[in-house]
Amino acid sequence: MDVSHSIRERTIAENSLVILLQGLHGQVTTVDLRDESTARGRVINVDAFMNIRLEKVLYRDRRGHVSSMDDLFITGRNVRYVHIPDHMNIIETIETQLAKIHRVRNFGASGGRKEYSKKK
Amino acid sequence: MVVLKSLHPPSEGVRLQQADTTAVVDRKRLGSGTLFVAEAHLSWFDGSGMGFCLEYPSISLHAVSRDLSAFPEEHLYVMVNAKLDDEAEAEQLDKASDDEESDSDDEDLGTITEIRFVPSDKTRLEPLFSSMCDCQALHPDPDDVHTDDYEGEEYDVEEAEQEQGQVQGDVPVFYSYEEGLSQLTSEGQATLERLEGMLAQYHMAGVRNDQPSAQFEGMEVDSNTVAGQSDDADEQRFCTAD
């Protein structure tokens, strides 16, 4: 659930829908890969390059063979679809993620002024 | 492209190395050796110094597999979107990618290699997995349009606003006299002078307006008395008469 420590990654995330995927941390979902295999598991982390780390994964390869994996890391380039769970409010998720990035950004910039911030 | 040949292990940027690790390439066991998770690439070397080296961009995914029905031992699974075996085949792939202008979906589908690294120490699987994740993140896809979004310093909205001297909401902005003057346009400045001149007419007795008012050329301006016809001025005269 942590915002990336990298300024570059925060900027990239802020400017693309990857920020929605970052709001999926902790959710169980399915990722469809470009080679038509699928992976279903709990999202541990999505970075700005859309690399996805899942745990407790059911992986179905392109031939249909299913195996389970404790931890799976998919390179962003190989992601075709990420399923957003039905119960998730997409706009709210995006806004929450943006707020997190802005909080991290203000922490360094304003020092003591943080106490008077109206944000929450 | 990757080929089994005589290479030396990486000397720098090595995050983790794991000895006593068997490499299995497309179900073919290559024997025991040492796995190196380095920042530049992933490599494995057997006892005789032969080994192979993988570029992170060529790795589609990696995982910790404890599913014994898929493979009889717990291992680190790595899917590479290229063929390891043949140098000839590697050359063929290079030619194919030159022909295609678009993305490499077609060439990827047929050409994957499954590599399994089986360490004798199964407790090392998670650390190996994690350091591979970290190294993979160091190699973002160069074709990805979004990785170019970041250029230079991060844009800080609040910082930018403060620099422009516009603090929104909380704090009212007060100007000192000099600052205020400098904020006026030339039109504003003319208006200010006119208004100040008008005020000068109504000064109390004894209060002198040192600046000659060019606007009142048509009137007699006596610096010792109050100019103008206001009631206040008349009252003042009466007062001083007392």
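This is a predicted model: local features need pLDDT of at least 70, side-chain atom pairs count only at pLDDT 80 or more; totals for chains, interfaces and linings use all residues.
Local features need pLDDT of at least 70 and side-chain atom pairs count only at pLDDT 80 or more, while totals for chains, interfaces and linings use all residues, and side-chain values use heavy atoms, with hydrogens and water left out. Residues are numbered from 1 along each chain as its sequence is written, with chains lettered from A and ligands numbered from 1 in the order in which they are written.

**View 1. The largest nonpolar core, in chain B.** A nonpolar core is a set of buried Ala, Val, Leu, Ile, Met, Phe, Trp, Tyr and Cys residues joined through side-chain atoms within 4.5 Å, where buried means under 20% relative accessible area, exposed over 50%, and partly exposed in between (1.4 Å probe, protein chains only). Among the 26 residues of this core, those touching the most other members include Val37(B), Phe52(B) and Leu76(B).

**View 2. Surroundings of Leu76(B).** Residues up to four places away in sequence aside, Leu76(B) is in contact (heavy atoms within 4.5 Å) with residues including Leu35(B), Ile115(B), Phe117(B) and Met132(B).

**View 3. The cysteine Cys133(B).** The structure holds zero disulfides over all chains, a disulfide being a pair of cysteine sulfur atoms within 2.5 Å. For Cys133(B), the nearest cysteine sulfur belongs to Cys135(B), 9.4 Å away. Cys133(B) counts as buried because its relative accessibility is 6%.

**View 4. Surroundings of Glu73(B).** Glu73(B) counts as partly exposed, because its relative accessibility is 30%. Beyond its neighbours within four places in sequence, Glu73(B) is in contact with residues including Ser65(B), Leu68(B) and Val118(B). The C-alpha atoms of Glu73(B) and Ser120(B) are separated by 9.7 Å, although these residues are 47 residues apart along the chain.
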